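Hi,

Here is the structure I said I would pass on. Have a look at it, and then read on for what turned up.

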Amino acid sequence: MMLTVTLVSLALLLLVHHFWKKRKLPPGPWGLPIIGYLPWINTQAPHRTFAQLAKKHGPIYSISLGSVQAIVLTDTKLIKTLLSKDVTAGRAPLYMTHGIMNGYGIICSEGDLWKDQRKFTISWLRSIGCAKTGSQRRKMEELIMKHANLLINSLSKISTPIDPEDLFRHHLGSLINEVVFGTHWEMDDSRWIWLQEKQKVGTELIGVAAPLNFLPFLRFLPMFNRTMSFLIEGQIETHRFYQNLIDKEEKVLWDRSRSSNLDTNRAYTSLIQGFLIEKEKRKGTDDVDKYYNDKQFYHLLADVFGAGLDTTLTTFRWFILFMSLNEDIQSDVQQEIITVLNGKAPSMEDTEFMPITEACIAETQRIRSVVPLGIPHGVSDDIEIDGYVIPKGSMVIPLQWAIHMNDKFYANPEVFNPNNFLDEQGRFSKNENFIPFQFGKRMCIGDEFARMILFMFCVSVLQKFHLKITNKESVNLEGNPGITLTPKLFNVRFEPLDS
């Protein structure tokens, strides 16, 4: 009898504690003990599940996802307000992306390490020309065009419809490789094929909605052995691969400076060289052990390479797909390209004269948000917003999909319509409810680099080819969920335009 009373009392105390903790949380759906709302999330389209819940519970709601308390935001002003604060600049408490990464890199780091590495990476990107202005900008444009032209050359040799993913991945990847690693490989190089497989499968496995993110104990179950082995063993193998690349770049760096002292103030092309130079600058300080150690080096390379390739590749593939499905809009873009460029290669200076092209790229980013769940943030301390308390340790989800597909902001949001980004005078125009690179202290640091790549690659392809899909009705636009929302396989014919 005494044991029964004790157990009942304990259960009541736990229940009271549970509701006491949640008393000031935003409203949200009920969930089951331990697993929360996870069983009701559509794993093939988690962004749609979260967007539907927003219609019921409002622009800010709480949801229990296994061991993680999540706060979902679908209001642009709320997102900008909350993500501009230091307290929300932490990393989200997800096992797959953070438990395995141990807080290294730039995506998964936080605190002083994140601040230092973000500042360093932004400085490096600007130094190599990934900025709106600067003496190196033209050199970066030339590098981008070199790889865009190689893609054009590859496409010109193909006369039948193809799914362009592999070609796009190779040529965009070669550009990213040259910038990050200081080298690139031929398409059939075994090392490059291996690295692509690791990157592609890895991003699919560690998607934000993956159950292991919220229920880490599942990693001990046999059904998750393959996933864990691929990620952990792959991490060890890729870090070994990165070290070989570091050794080669280090030799290039020091050989170049053998006859004189190393100039630590000059700009170096690759991220590897930039990191080595910064490490040399801080030699003799605690910063080397804290911020410029080997583990941080490997994870930073993986983050910049993986994020840079995956997001631009995905957006580029969606753009090609929507241009193929909307041939009338494609013709408008090509007419603009002919009028403005008159046969010359594109430059970022041309963007102000090509509003339709810019609008189509923006509309692609809107209608199929590359990261539909946004990049989740972690809350480092209790914070109050709109009368609610978001507790320390929560995960904040800035739900891009819900904003970009909101019919209050965009009429007929499921329809591809570049007029969403053109004003009455036909000029390119964005509104505040367009956040492809997110917002706040952890917004995408490679946004300008991405803009340059997308504009120059998209224009280069449409300058040379008419894109055609024969059986448009068979195309599935839902996408494959992972870290990014990638297009399902599709075949398109690249028909050379008359010169």
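**What turned up**

N342 sits in the loop that joins α14 (327-341) to α15 (355-367). Before going further, please keep in mind that this is a predicted model. The phi angle of N342 is near 50°, a positive value in a residue that is not glycine. That is worth a look, since most residues other than glycine have a negative phi. N342 is also exposed, with a relative accessible area of 67%.

You will find D386 in the loop between β5 (383-385) and β6 (388-390). Its phi is near 55°, again positive in a residue other than glycine. Is D386 buried or exposed? With a relative accessibility of 56%, D386 counts as exposed, because the cut-off for that is over 50%.

**Two helices crossing**

Now turn to helix α13 (residues 294-325) and helix α17 (residues 447-464), whose axes come within 10 Å of each other and cross at roughly 35°. The crossing of α13 past α17 is right-handed. Which residues make the contact? On the α13 side they are T312, T315, F316, F319, I320 and M323. On the α17 side they are A450, I453, L454, F457, C458, V461 and L462. Sorted by class, this contact has 11 nonpolar residues, 2 polar ones and no charged ones.

Staying with α13, have a look at F322, which lies in that helix. F322 is buried, at 3% relative accessibility. Setting aside residues up to four places away in sequence, F322 touches I367, R368, F416 and L477. F322 and A362 are 40 residues apart along the chain, and their C-alpha atoms are separated by 12 Å.

Next comes F494, which is found in strand β9 (residues 493-496). F494 has a relative accessible area of 5%, so it counts as buried, the cut-off being under 20%. What does F494 touch, once neighbours within four places in sequence are left aside? The list is L155, I158, I162, P164, F168, I320, V461, F465, H466 and L467. As for distances, F494 and I469 are 25 residues apart in sequence and 9.3 Å apart in space, going from C-alpha to C-alpha.

**Rings and charges**

How many aromatic pairs does a search of the whole structure find? The count is 21. One of them is the pair of F421 and F428, which is stacked, with 6.5 Å from centre to centre and 25° between the planes. The pair counts as stacked because its planes are under 30 degrees apart. F421 is buried, at 0% relative accessibility, whereas F428 is partly exposed, with a relative accessible area of 28%.

There is also an aromatic cluster to find, made up of F181, W185, W192, W194, F241, Y242 and F305.

The charged end of K80 sits over the ring of F439, 5.3 Å from the ring centre. The charged end of R368 sits over the ring of W318, at 5.8 Å from its centre.

Cheers

Note on methods: Residues numbered from 1 in each chain as written. Predicted model: local features only at pLDDT ≥ 70, side-chain atom pairs only at ≥ 80, totals over all residues. Heavy atoms only, no water. Axes fitted to C-alpha atoms, helices over the stretch in contact; angles between N-to-C directions. Helix = DSSP H or I, 4+ residues; strand = E, 2+ residues; numbered from the N terminus. Left-handed = near helix turned anticlockwise from the far one by under 90°. Contact = heavy atoms within 4.5 Å. Nonpolar A, V, L, I, M, F, W, Y, C, P; charged D, E, K, R; others polar. Phe/Tyr/Trp six-rings, centres within 6.5 Å; stacked < 30°, edge-to-face > 60°. Buried < 20%, exposed > 50% of the residue type's maximum accessible area, 1.4 Å probe, protein only. Lys NZ or Arg CZ within 6 Å of the ring centre and 35° of its normal.
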